[in-house]
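This report looks at one chain and at two places on its surface. Please have the sequence and the model at hand while reading.

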Amino acid sequence: MKRKIRVLVAKPGLDGHDRGAKVVARSLRDAGFEVIYTGIRQTPAMIAEAALQEDVDVVGLSVLSGAHMALVPKVKEALVAQGMDDVLVLVGGIIPNEDVPALNAIGVKGIFGPGTATQEIVDFIHKELAEPAA
Amino acid sequence: MTLFNEEQLNQIRNQLEHWETTTLKKTLDRRSERRPQFITTSSVPVRRLYTPLDIADFDYQRDLGMPGEYPFTRGVHSTMYRGRLWTMRMFAGFGTAEETNQRYQYLLSQGNMGLSVAFDMPTLYGYDTDAPEALGEFGKCGVAVSSLADMEVLFDGIPMGEVSTSMTINSPAAILWAMYIVAAEKQGYHRSQLRGTIQNDILKEYIAQKEFLFPPAPSMRLVTDTIEFGTREMPLWNTVSISGYHIREAGATAVQELAFTLADGFAYVEAALERGLDIDEFAPRLSFFFNAHNDLFEEIAKFRAARRIWARAMREKYGAQNPRSWLLRTHAQTAGVSLTSRQPENNIVRVAIQALAAILGGTQSLHTNSMDEALALPSEKAVTIALRTQQILAHESGVANTIDPLAGSYYVEQLTNQMEDAANDYFHRIESQGGVIPAIESGFFQREIADAAYQYQMEIDTRQRIVVGVNDYVADEPIEIPLLQMDPAGYDRQIARLQRVRAERDNSAVQKALAELADCARGDENLMPPIIAAVEHYATLGEITDVFRRVFGEYHEPVHF
């Protein structure tokens with residue numbers, strides 16, 4: 001039997017608005033993924049450490065506060081420093097369109113704003129990891 | 001006195017049955033309704049038709065009474081908006097104190113009636129702008145205030161003794177309040193003149209917004225210290241704004257918002273009573289803050305039920321004698337979570353409907369969200385439209401001309417009763433767990449809210465719930481509204497001021513004040529006087545909060561999803 005896709009859902013920075021992260025975590029679990037939710041106020045180092053310990057395929061970061069341009073690159077660097085270059089990094093939250101190219105450039109594959117259907121994220125992960133959709 | 005006697009009710013029952021088997025049946029045989037079930041925004045089923053049968057034991061005097069009289073269902077003032085409109089209070093803050101000061105001056109010039117300060121994330125968490133934890137967060141969700149110097153700039157040219165100011169601040173509320181008091185005193189006012197509100201509602205932080213710092217016991221001590229200090233020295237200040245807003249935004253239903261908020265309110269009352277304070281001295285300064293969401297009638301019912309539950313509990317359970325102790329005075333804000341990033345202009349309409357709900361619900365003050373807030377902090381133009389929305393409702397719609405116009409609506413009265421009953425059920429569940437704090441520590445509220453949030457999202461994903469522009473009426477059009485651009489030099493200006501403060505102040509006086517504060521924190525005297533003393537010497541927010549972090553420790557929540 002194939003191993004389940006493992007997803008870390010994390011909230012970097014100070015912002016405690018965890019509604020989106022929790023809804024996404026639960027819907028990914030319901031879609032058959034193995035989901036680890038870190039809780040709030042995670043530093044980039046804590047997130048990379050958890051990603052390594054849990055041996056995840058996907059890291060989903062949720063940021064509402066507007067600090068994404070400072071935090072997401074730090075998380076990406078910390079992942080690379082752990083040798084996790086190939087982990088699929090996704091970002092959700094309030095991300096202005098103008099920031100999307102810069103996030104894509106550092107290797108963020110998917111960016112999901114308010115109004116995203118949870119199935120869209122599930123499908124995206126399956127497609128990126130080249131698994132047939134359930 | 002009930003409105004309907006048995007004979008009338010029987011006649012109505014017969015008429016209803018007749019209608020259902022004839023007129024209605026004919027229609028339904030031809031065409032079924034749009035949906036098998038209709039639900040409110042909170043997923044509560046809605047009946048086809050409400051009649052006197054739904055409020056058969058409705059008793060006008062017991063359930064409604066007169067405006068400005070117990071149980072205040074119809075409103076807290078005897079003339080309501082005929083006497084004075086609600087306070088149009090726009091929540092604002094971004095970047096540096098200079099930029100936000102300009103926004104305040106602009107809002108006041110446009111008819112905004114009271115100020116409302118949004119602080120940035122580091123400030124909300126008690127960090128100075130240059131703390132490592134503040135990385136990337138400066139000025140993003142509000143204005144940075146790291147010391148008295150920032151507070152002085154924030155209110156430069158604004159007469160602090162004349163405006164009323166609400167400050168959305170929780171864990172470090174006592175510290176920001178002290179900065180406000182000292183800045184106003186430096187403008188020449190006496191603290192007893194100052195009018196405003198500190199949110200200071202730590203319980204809902206554990207429950208929903210998650211901006212907690214310390215464990216519940218020392219947090220409740222800080223809140224009780226501020227209640228006590230306000231009672232003694234600041235008679236016009238609202239010491240706690242007991243907030244359902246964030247509980248709702250985190251995903252709660254209207255009933256959960258109502259029940260959890262009032263349960264928090266009772267917990268503050270009980271803490272102050274344990275301190276030995278007289279209920280009629282502090283209760284009149286407790287205020288509330290509710291969400292105004294999409295479902296017009298459900299929201300109106302929520303505000304009405306909230307007033308009735310609070311009045312009954314304050315008088316009957318806690319024995320308050322002063323009618324002002326029975327009043328639930330509230331601020332309202334339209335539902336940020338309802339705003340869509342797609343077709344953002346549609347949000348203007350959503351906000352107007354939500355604002356209408358808050359007004360028909362009898363709010364005392366109101367913030368209307370801007371159309372662009374699912375994208376960024378609001379631009380000046382978007383804020384102006386949001387404020388104009390309130391002005392149009394006030395002056396053109398006619399809804400402010402008469403008091404509680406929906407009273408007597410079978411639907412609204414039934415919803416109001418249903419909300420009160422459902423809230424009472426939650427109070428029993430919370431009590432059976434030992435009260436609000438044990439229920440927080442076990443994750444009860446957090447699980448209830450996460451479940452409701454998930455259900456709501458599933459209803460959208462399966463299109464049981466239509467969100468215009470999101471899962472129906474979708475159009476891939478580019479967003480054409482201009483977003484707020486912050487001054488890129490702001491961060492450097494803020495850091496420079498912070499460094500200047502640390503260099504120019506009397507550092508030995510600061511150290512002495514912080515040591516005295518630590519001593520006080522280890523004891524049980526009121527913390528407000530030593531906080532004010534430290535602030536006067538320009539001790540920074542981070543330094544003062546660090547004293548508490550050392551003495552009180554830090555709280556970590558149980559993680560559920």
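In which loop of chain B is the place of E345(B)? The loop runs between β8 (330-334) and α16 (346-360) of chain B, and E345(B) is found there. The model is a predicted one.

## A patch of negative charge

E345(B) belongs to a group on the surface: together with D476(B), E477(B) and E480(B) it makes up a patch of negative charge. The relative accessibility of E345(B) is 39%. Partly exposed covers the range between the 20% limit for buried and the 50% limit for exposed, so E345(B) counts as partly exposed.

Where in chain B does Y473(B) lie? Its loop is the one between α20 (444-461) and α21 (490-504). Is Y473(B) buried or exposed? With a relative accessible area of 57%, Y473(B) is exposed, because exposed means over 50%.

## The chain as a whole

Chain B contains 24 helices and nine strands. Its radius of gyration is 24 Å, close to the 24 Å given by the globule rule for 561 residues, so chain B is as compact as a globular protein of that length.

The C-alpha trace of chain B spans about 85 × 60 × 45 Å along its principal axes. Of the 561 residues in chain B, 61% are buried.

Definitions and conventions. Residues numbered from 1 in each chain as written. Chains lettered and ligands numbered in written order. Predicted model: local features only at pLDDT ≥ 70, side-chain atom pairs only at ≥ 80, totals over all residues. Heavy atoms only, no water. Patch = residues over 30% accessible without salt bridge, like charges linked within 9 Å, V, L, I, M, F, W, Y side chains within 5 Å. Areas by Shrake-Rupley, 256 points an atom, 1.4 Å probe, with all protein chains shown as cover. Salt bridge = Lys/Arg side-chain N within 4 Å of Asp/Glu carboxyl O. Lys, Arg positive; Asp, Glu negative; His and termini not counted. Charge placed at Lys NZ, Arg CZ, Asp CG, Glu CD. Helix = DSSP H or I, 4+ residues; strand = E, 2+ residues; numbered from the N terminus. Buried < 20%, exposed > 50% of the residue type's maximum accessible area, 1.4 Å probe, protein only. Rg over C-alpha atoms; globule rule 2.2 N^0.38 Å.
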